[in-house]
Amino acid sequence: MSISENLKSVKKSLPTHVELIAVSKTKPNEAIQEAYENGQRHFGENKVQELVDKAEVLPKDIHWHMIGHMQRNKVKYIASFVHLIHGVDSQKLLKEINKQGQKVDRVVPCLLQFHIAEESTKYGFNYPEVLDLLDKYFFEDLPFVEIRGVMGMATNTDNQEQIKREFDELNAIFNKLKPHFSESFDIKSMGMSGDYKTAIECGANMIRIGSTIFGKRNYI
Ligand SMILES: *Cc1c(COP(=O)(O)O)cnc(C)c1O
(Lines give C-alpha, C1' and ligand atoms only; values in the text may rest on other atoms or scores of the structure.)
Protein backbone atom coordinates (compact mmCIF):
# COMPACT_ATOMS: atom_id res chain seq x y z
CA MET A 1 0.00 0.00 0.00
CA SER A 2 1.12 3.54 -0.71
CA ILE A 3 1.52 6.30 1.85
CA SER A 4 -1.61 8.04 0.61
CA GLU A 5 -3.66 4.85 0.87
CA ASN A 6 -2.33 4.12 4.34
CA LEU A 7 -3.08 7.65 5.43
CA LYS A 8 -6.61 7.50 4.10
CA SER A 9 -7.36 4.24 5.82
CA VAL A 10 -6.00 5.47 9.18
CA LYS A 11 -7.98 8.70 8.89
CA LYS A 12 -11.16 6.84 8.03
CA SER A 13 -10.90 4.90 11.27
CA LEU A 14 -10.60 8.02 13.47
CA PRO A 15 -13.38 9.85 15.30
CA THR A 16 -13.41 13.51 14.29
CA HIS A 17 -12.18 14.77 17.68
CA VAL A 18 -8.89 12.86 17.31
CA GLU A 19 -5.93 14.74 15.79
CA LEU A 20 -3.54 12.59 13.77
CA ILE A 21 0.18 13.27 13.99
CA ALA A 22 2.02 11.53 11.15
CA VAL A 23 5.34 10.43 12.63
CA SER A 24 7.88 10.91 9.86
CA LYS A 25 11.12 10.28 11.77
CA THR A 26 13.82 8.66 9.60
CA LYS A 27 11.60 9.03 6.52
CA PRO A 28 12.64 11.14 3.51
CA ASN A 29 11.09 14.46 2.55
CA GLU A 30 9.36 12.82 -0.43
CA ALA A 31 7.35 10.66 1.96
CA ILE A 32 6.27 13.70 3.96
CA GLN A 33 5.42 15.55 0.76
CA GLU A 34 3.19 12.69 -0.33
CA ALA A 35 1.27 12.76 2.96
CA TYR A 36 1.11 16.57 2.73
CA GLU A 37 -0.40 16.40 -0.73
CA ASN A 38 -3.08 14.17 0.73
CA GLY A 39 -4.04 16.80 3.25
CA GLN A 40 -1.87 15.87 6.23
CA ARG A 41 -0.49 18.94 8.07
CA HIS A 42 0.69 17.64 11.46
CA PHE A 43 3.99 15.76 11.46
CA GLY A 44 6.06 14.38 14.33
CA GLU A 45 9.82 14.01 14.62
CA ASN A 46 11.91 12.73 17.51
CA LYS A 47 15.23 14.40 16.76
CA VAL A 48 15.68 18.16 16.77
CA GLN A 49 18.24 18.27 13.97
CA GLU A 50 16.09 16.17 11.67
CA LEU A 51 13.00 18.24 12.49
CA VAL A 52 14.83 21.51 11.75
CA ASP A 53 16.31 20.21 8.48
CA LYS A 54 12.92 19.04 7.26
CA ALA A 55 11.09 22.18 8.37
CA GLU A 56 13.55 24.30 6.39
CA VAL A 57 12.72 22.75 3.04
CA LEU A 58 9.15 21.48 3.38
CA PRO A 59 5.96 23.60 3.11
CA LYS A 60 5.68 26.35 5.69
CA ASP A 61 2.17 25.49 6.78
CA ILE A 62 3.24 22.15 8.26
CA HIS A 63 2.74 21.91 12.03
CA TRP A 64 5.85 20.27 13.49
CA HIS A 65 5.56 18.21 16.66
CA MET A 66 8.64 17.30 18.69
CA ILE A 67 7.68 13.91 20.08
CA GLY A 68 11.03 12.54 21.25
CA HIS A 69 13.08 13.09 24.33
CA MET A 70 13.98 16.77 24.34
CA GLN A 71 17.52 17.77 25.25
CA ARG A 72 17.75 21.11 26.95
CA ASN A 73 20.58 22.46 24.81
CA LYS A 74 18.47 21.96 21.67
CA VAL A 75 15.35 23.88 22.67
CA LYS A 76 16.79 27.01 21.09
CA TYR A 77 16.64 25.51 17.61
CA ILE A 78 12.87 24.94 17.62
CA ALA A 79 11.38 27.43 20.12
CA SER A 80 10.45 29.93 17.41
CA PHE A 81 8.27 27.60 15.35
CA VAL A 82 7.56 24.19 16.92
CA HIS A 83 3.82 23.50 17.08
CA LEU A 84 3.93 21.33 20.19
CA ILE A 85 6.66 19.75 22.33
CA HIS A 86 5.29 16.41 23.57
CA GLY A 87 8.19 15.13 25.64
CA VAL A 88 8.44 17.66 28.45
CA ASP A 89 9.58 15.72 31.48
CA SER A 90 11.58 17.90 33.86
CA GLN A 91 11.65 21.21 35.69
CA LYS A 92 14.94 22.14 34.09
CA LEU A 93 13.58 21.54 30.62
CA LEU A 94 10.51 23.66 31.38
CA LYS A 95 12.74 26.51 32.54
CA GLU A 96 14.82 26.28 29.40
CA ILE A 97 11.75 26.27 27.14
CA ASN A 98 10.52 29.37 28.99
CA LYS A 99 13.87 31.06 28.52
CA GLN A 100 14.06 30.31 24.80
CA GLY A 101 10.41 31.30 24.34
CA GLN A 102 11.16 34.64 25.95
CA LYS A 103 14.11 35.19 23.63
CA VAL A 104 11.93 34.85 20.54
CA ASP A 105 8.87 36.35 22.27
CA ARG A 106 6.75 33.28 21.72
CA VAL A 107 4.69 31.19 24.12
CA VAL A 108 5.74 27.60 23.40
CA PRO A 109 2.98 24.94 23.55
CA CYS A 110 4.01 21.87 25.55
CA LEU A 111 2.66 18.59 26.88
CA LEU A 112 3.76 17.08 30.18
CA GLN A 113 5.04 13.59 29.51
CA PHE A 114 4.10 11.01 32.12
CA HIS A 115 5.81 7.74 32.80
CA ILE A 116 3.00 5.20 32.59
CA ALA A 117 4.83 2.20 31.10
CA GLU A 118 6.41 -0.65 32.97
CA GLU A 119 9.76 -0.18 31.25
CA SER A 120 12.20 1.90 33.25
CA THR A 121 13.70 3.37 30.08
CA LYS A 122 10.74 5.53 29.16
CA TYR A 123 10.99 9.15 30.19
CA GLY A 124 8.41 11.17 32.02
CA PHE A 125 7.11 12.74 35.18
CA ASN A 126 5.11 10.84 37.73
CA TYR A 127 1.95 12.40 39.11
CA PRO A 128 3.28 13.36 42.59
CA GLU A 129 6.17 15.25 41.00
CA VAL A 130 3.77 17.46 39.08
CA LEU A 131 1.57 17.96 42.16
CA ASP A 132 4.66 19.13 43.96
CA LEU A 133 5.41 21.63 41.17
CA LEU A 134 1.82 22.89 41.38
CA ASP A 135 2.18 23.32 45.15
CA LYS A 136 5.21 25.49 44.53
CA TYR A 137 3.37 27.58 41.90
CA PHE A 138 6.16 26.54 39.58
CA PHE A 139 4.13 26.88 36.38
CA GLU A 140 3.18 30.46 37.24
CA ASP A 141 6.79 31.46 36.71
CA LEU A 142 6.77 30.24 33.13
CA PRO A 143 4.95 32.89 31.08
CA PHE A 144 6.49 31.63 27.83
CA VAL A 145 5.31 28.05 28.32
CA GLU A 146 1.75 26.95 27.68
CA ILE A 147 0.90 23.54 29.11
CA ARG A 148 -1.61 22.08 26.66
CA GLY A 149 -2.07 18.64 28.22
CA VAL A 150 -0.40 15.29 28.72
CA MET A 151 1.51 12.71 26.70
CA GLY A 152 2.48 9.13 27.42
CA MET A 153 3.59 5.87 25.93
CA ALA A 154 2.26 2.51 27.03
CA THR A 155 4.44 -0.52 27.58
CA ASN A 156 5.48 -2.25 24.38
CA THR A 157 3.47 -5.44 24.92
CA ASP A 158 0.72 -7.53 23.35
CA ASN A 159 -1.18 -7.49 26.63
CA GLN A 160 -4.16 -5.28 25.77
CA GLU A 161 -5.35 -5.20 29.37
CA GLN A 162 -2.07 -3.74 30.51
CA ILE A 163 -2.03 -1.14 27.73
CA LYS A 164 -5.58 -0.16 28.62
CA ARG A 165 -4.67 0.16 32.30
CA GLU A 166 -1.76 2.45 31.47
CA PHE A 167 -3.77 4.69 29.16
CA ASP A 168 -6.60 4.81 31.71
CA GLU A 169 -4.05 5.98 34.25
CA LEU A 170 -2.89 8.79 31.96
CA ASN A 171 -6.47 9.80 31.31
CA ALA A 172 -7.07 9.94 35.06
CA ILE A 173 -3.96 12.08 35.54
CA PHE A 174 -5.24 14.45 32.87
CA ASN A 175 -8.60 14.77 34.63
CA LYS A 176 -6.98 15.49 37.97
CA LEU A 177 -4.62 18.10 36.53
CA LYS A 178 -7.10 19.87 34.31
CA PRO A 179 -8.54 22.18 37.01
CA HIS A 180 -5.05 23.44 37.78
CA PHE A 181 -4.31 24.70 34.29
CA SER A 182 -5.99 27.07 31.83
CA GLU A 183 -8.84 26.29 29.43
CA SER A 184 -6.30 25.37 26.77
CA PHE A 185 -5.20 22.31 28.77
CA ASP A 186 -7.09 19.96 26.48
CA ILE A 187 -4.73 17.51 24.76
CA LYS A 188 -4.19 13.82 25.54
CA SER A 189 -1.44 12.56 23.24
CA MET A 190 -1.40 8.79 23.55
CA GLY A 191 -1.38 5.92 21.11
CA MET A 192 0.96 4.80 18.34
CA SER A 193 0.53 2.37 15.41
CA GLY A 194 0.18 -0.68 17.63
CA ASP A 195 -2.13 0.67 20.29
CA TYR A 196 -3.95 3.76 19.03
CA LYS A 197 -7.37 2.15 18.97
CA THR A 198 -7.07 1.29 22.64
CA ALA A 199 -5.73 4.79 23.33
CA ILE A 200 -8.80 6.36 21.72
CA GLU A 201 -11.08 4.14 23.81
CA CYS A 202 -9.22 5.45 26.85
CA GLY A 203 -9.70 9.10 25.91
CA ALA A 204 -6.86 10.02 23.53
CA ASN A 205 -7.60 13.02 21.34
CA MET A 206 -4.17 13.10 19.70
CA ILE A 207 -2.40 10.04 18.31
CA ARG A 208 1.10 9.65 16.88
CA ILE A 209 1.24 7.19 13.99
CA GLY A 210 4.43 6.34 12.11
CA SER A 211 4.87 2.88 10.63
CA THR A 212 1.21 2.32 9.75
CA ILE A 213 1.41 5.35 7.44
CA PHE A 214 5.02 5.37 6.23
CA GLY A 215 5.98 1.71 6.54
CA LYS A 216 8.52 0.05 8.79
CA ARG A 217 11.62 1.94 9.89
CA ASN A 218 15.11 0.48 9.81
CA TYR A 219 15.94 2.09 13.12
CA ILE A 220 14.16 3.90 15.96
C1 LIG B 1 8.23 6.58 16.81
C2 LIG B 1 7.23 7.13 17.73
C3 LIG B 1 5.85 7.01 17.46
C4 LIG B 1 5.29 6.28 16.25
O5 LIG B 1 5.54 4.91 16.33
P6 LIG B 1 4.85 3.87 15.32
O7 LIG B 1 4.82 2.61 16.09
O8 LIG B 1 5.73 3.81 14.14
O9 LIG B 1 3.49 4.38 14.99
C10 LIG B 1 4.97 7.59 18.35
N11 LIG B 1 5.40 8.26 19.44
C12 LIG B 1 6.69 8.39 19.72
C13 LIG B 1 7.09 9.14 20.94
C14 LIG B 1 7.65 7.83 18.89
O15 LIG B 1 8.95 7.99 19.20
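Contact here means heavy atoms within 4.5 Å. All views show a predicted model.

View 1. With a relative accessibility of 18%, Asn-205 counts as buried, since buried means under 20% relative accessible area. When neighbours within four places in sequence are left aside, Asn-205 is in contact with His-17, Val-18 and Glu-19, and also with Asp-186, Ile-187 and Lys-188.

**View 2. The residues around the ligand.**

View 3. In the side chain of Lys-25, an N or O atom is 2.7 Å from an oxygen atom of the ligand. The side chain of Arg-217 likewise has an N or O atom 2.7 Å from an oxygen atom of the ligand. For Gly-210 the atom concerned is a backbone N or O, which lies 2.8 Å from a ligand oxygen atom. On its own the ligand has 390 Å² of accessible area, of which the protein covers 90%.

View 4. Helix α1 spans residues 3-12, and its buried residues are Ile-3, Ser-4, Asn-6, Leu-7 and Val-10. Viewed down the axis of α1, these buried residues fall within an arc of 160 degrees and therefore line one face of the helix. An α-helix has 3.6 residues a turn, so residues three or four places apart point the same way. The exposed residues Lys-8 and Lys-12 are carried on the face of α1 turned away from the buried side.

**View 5. The elements that cover helix α1.** Among the elements covering the buried residues of α1 are the strand β1 (19-23) and the helices α2 (29-37), α7 and α8 (211-214).

**View 6. Glu-183 in its loop.** Glu-183 is found in the loop between α6 (160-177) and β7 (187-190). Its relative accessibility of 71% places Glu-183 among the exposed residues, because exposed means over 50%. Leu-131 is 52 residues from Glu-183 along the chain, and the C-alpha atoms of the two residues are separated by 18 Å.

Methods. Residues are numbered from 1 along each chain as its sequence is written. This is a predicted model: local features need pLDDT of at least 70, side-chain atom pairs count only at pLDDT 80 or more; totals for chains, interfaces and linings use all residues. Side-chain values use heavy atoms; hydrogens and water are left out. Buried means under 20% relative accessible area, exposed over 50%, partly exposed in between (1.4 Å probe, protein chains only). A polar contact is a pair of N or O atoms within 3.5 Å; within protein, one must be able to donate a hydrogen and the other to accept it, and residues adjacent in sequence count only if both atoms are side-chain atoms. Accessible areas come from the Shrake-Rupley method with a 1.4 Å probe; for residues, only the protein chains shown count as cover. Helices (H or I, at least four residues) and strands (E, at least two) are DSSP runs, numbered from the N terminus. The arc is that of the directions from the helix axis to the C-beta atoms.
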